[in-house]
Amino acid sequence: MLQVNKINASYGEVKVLHDVSLAVKKGEVVGLVGANGAGKSTTLKVLSGMLKAASGEIKSEGVSLTELTAPQIVALGIAHVPEGRRLFPMMSVEENLEMGSFLPGPKKARQETIEMVYSVFPILKERHKQMAGTLSGGEQQMLAIGRGLMSKPKLLMIDEVSLGLAPVLVEKIYSMIEQIKKQDISILLVEQNVYLCLNFVDRAYVLENGQVVLDGTGKELLANEHLKKAYLGL
Amino acid sequence: MNEKNIIAKLRYPSYYIPALAILILIFFPFLTNNEYIVQVGIMVLLFAVMGSGWNIIAGFGGQLSLGHAAFVGIGAYVSTLLFVYLDLTPWIGMLVGAVVSAIFGVIVGYPCFKLKGAYYALATIAYGELVRIFIQNTNQIGPIDLKGAQGILLPIKGHSWFWFQFDTKAPYYYIALVMMFLAILLCYKIKNSKFGYYLAAIGDNQDAAASLGVDSSRMKVYAAAISSFVMGIAGTFYAQFLLYIGPQSLLVDTFSTEIALVGIIGGAEVMGPIIGAFLLTPISEATRILLGGRFIGVHLVVYGAILMAVITYAPSGILPYLKKVYYKFLALLGDPQYQDYRTIKAPAKGLGGGIK
Amino acid sequence: MGTMTEATINGLFMGSLYGLIAVGLSLVFGVMKVVNFAHGSLLTICMYAVYYLVMKANWNSYLTPILVVPLLFIFGYVVQSKIINPVLKREFELGGGHAVILLTVGMMLVMENLCLLFFGAYYKVAQVPISSLTLNIGNIVISVPRMIAGIVSVILIFLLYAFLNKTDMGKAIRATGQDREAVRLMGINDFKIYNISFGICFIMLTLAAALMIPMYYVHPSAGKIFELRSFVIVVLGGLGSLNGAFLGGIIIGLIESVTAQFLSATTAEFLIFLVFILVLLLKPNGLLGKK
Ligand SMILES: Nc1ncnc2c1ncn2[C@@H]1O[C@H](COP(=O)(O)OP(=O)(O)O)[C@@H](O)[C@H]1O
Ligand SMILES: [Mg+2]
């Protein structure tokens, strides 16, 4: 589904990613964990074309994404739910979802997809006329994920799934992601809550200072000594 | 550094070239007997002065003003009215006009300084227009004949230094030349003072400057006062030299724009507006002389095109590039100090944003 | 009493025309955060285009948009993509500066003075039959072209509003104004949206020009007075807000026509700029804006 080979990226002079490689297979849920500032968001930005990689290669189903722009990458079925959610605050819930299916392909299926999103996140249906900027944090996260789904992605990348959400809501969102997974959508999750993430995903990568230091299945990583010490405080 | 030393140093190109340039400037009126050309020279110097004045607030402080003609106008009107009604010598009128202009600069500047970016530029346009509309439609204030839209023709009171009136162009030229050197000196002093450093910090990033404890409002008010003072001085010269002041020539927004362009195209450094004036003003004067009155303003096509090109390709203005060429030239002439010209100073940041 | 009613009606008509002229300025600001200092000279170009079609080809002024709108939309699209976008892109990357404002100042100088060069400094007037038509109701006299301009302007502003709120493209334009990076993740090309928005600004100006030609002189700085009005109007209504532009237009139209009727045109002019400064200083986000 997605192969990332030794990408490097920087902001101006500051190098942030060093030879990051990872892969997501079809139907898989993959986690990307690491401390604040490790480069998780930057990795997603490079994958979705918001930031240009300095070197390295990104491929999806044989197509090279390295030289493509963000709009072209969405069109290939890779959706990015960015850090901070980046909703359109002065537009209604429904309009935000419509924007998610702006491209001609997804637009044809818009009505169906909206129904699907509403069935996963019923609260959004109740609030469909409300301005996105006035939603609660949890609702905004659901809308952001819903908007990502609207482009009918094959791969959904979600940044900071649980950040700023109450524990009950976190559980709820994860159960919703579970539902999304069932629809044959591959998922790449960025999560600061390492324990939660590793219990949920099929596989995960651990990022430290812009480098992948560990990878394996959720279970393997949960048993890893370094990881236990550094991230789980055990 | 003593005199001997300077003379000894004149064998280096980096000393004799500027010295040569200054000599040419000083003897310029003798190099030609064409009055038109001297007139062009005078206008160049005048625009260099006005551009320098504008640069203090806009270039150094980052506050894009598109209404600076108002300050020139105030200086010109004040000294002219004193000259016409009270027979006051323009030399004193010049100072009075400049002070009034500075006060006005502070009064309109102070409330506007909290505005950012385009809002500030819009406010400067608005007060520029207010001054123009007021003068254009006021024929009389008490006993004073302001002559509204018609403008004021200055009477000839005698060709002498006292009346600031001469029958040849050369004295005007030298007054303007001295004014330009003083303006350069002033800008140089400001740029290299703590005040100049604060201004630059504000222009770069106001919030960051504030967090370092720079009182940005106060700094901008000082800058506005000095800037409009310089404009006021230039205004008196304008009036005495052209012998006519009127809202349609002195107070229109295009005049403000022309002043600003000299600074923008030159660059936000001490010598920026000087270079800008030497490049641009001859274009405007040449078209005025060649095409006459029918196409007043046509030079602005060229100005506009240059501005667009500068903003697109050289957002810090022309000066940084000119400097590079100049340093290279000095190196070619064998100046030992400039052999490593490539490493000398990166281009500064201008109003057009950064080459970071 | 008659004169007050007449001044009010005139003010409303003029105000909605002002609103139509200002709405493109506000749209461009709302979408790309650029105050376009060339707005007035764009209007001038539109006015010349309509004028020549009326005078040389004998078109009815109100029909000229059929030809001029597509042409100038394309012109606007190209100007945005070839001239403004490169500078805008740099400003996004490096931050700060007044580059785009200054670029539009340069465009203003070039366009206004090219008009001077090509069309001369003369005031041109398209005297068409409708120009002097008036409607007399009791002792109130209403100029017909002005009435048409007022009413059609309201309709056009409403149509633009509907376009922005009901169509996907319109929504994409609004979304781009709110978060230009996020729209890229929706598959929307932000710079293409800028091109389209600038083209739409031209459409609105062309339509305004067609409404204006029967009653205004055309000359190289014909647009300038409307540009200054537009600045006042959009700041009054809140930069970027279309409802605001309409409301601001109406306010300025009323101030102008009532003051001109009872005091003088100069006082009206002065008052408009005074209001401008006061709004800038006291309510820079506009009368409807927050804070
Ligand atoms: N827009 C930016 N400009 C400059 N540096 C940035 C920017 N965004 C992130 N960084 C830096 O890049 C590094 C990685 O950031 P990020 O990818 O956001 O980390 P994470 O998402 O893992 O917390 C950090 O050191 C951060 O300071
Ligand atoms: Mg992050």
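How many residue pairs are in polar contact across the interface of chain C and chain A? We'll get there in Exercise 1. First, the ground rules: this is a predicted model, where local features need pLDDT of at least 70, side-chain atom pairs count only at pLDDT 80 or more, and totals for chains, interfaces and linings use all residues. Residues are numbered from 1 along each chain as its sequence is written, chains are lettered from A and ligands numbered from 1 in the order in which they are written, and side-chain values use heavy atoms, with hydrogens and water left out.

**Exercise 1. Work out what chain C puts against chain A.**

Step 1: start with contacts (heavy atoms within 4.5 Å). Here 18 residues of chain C touch 22 residues of chain A.

Step 2: go to buried area (accessible area, 1.4 Å probe, that two parts lose on being put together, summed over both). The pair buries about 1900 Å², with 61% of it on carbon and sulfur atoms. On the chain C side, Asp168(C), Leu185(C) and Met186(C) lose the most, together 37% of what that side buries.

Step 3: count salt bridges (a side-chain nitrogen of Lys or Arg within 4 Å of a carboxyl oxygen of Asp or Glu). There are 6 between chain C and chain A. Arg86(A) and Glu181(C) make a salt bridge, 2.9 Å from N to O.

Step 4: back to the opening question. The rule for polar contacts (N or O atoms within 3.5 Å; within protein, one must be able to donate a hydrogen and the other to accept it, and residues adjacent in sequence count only if both atoms are side-chain atoms) finds 7 residue pairs, both residues at pLDDT 80 or more.

**Exercise 2. Do the bookkeeping for chain C against chain B.**

Step 1: 38 residues of chain C are in contact with 46 of chain B.

Step 2: together they bury about 3800 Å², 77% of it on carbon and sulfur atoms. His98(C), Leu102(C) and Leu281(C) lose the most area in chain C, together 16% of that side's buried total.

Step 3: the rule turns up 1 salt bridge across this interface. Lys224(C) pairs with Asp253(B) in a salt bridge, with the closest N and O atoms 3.3 Å apart.
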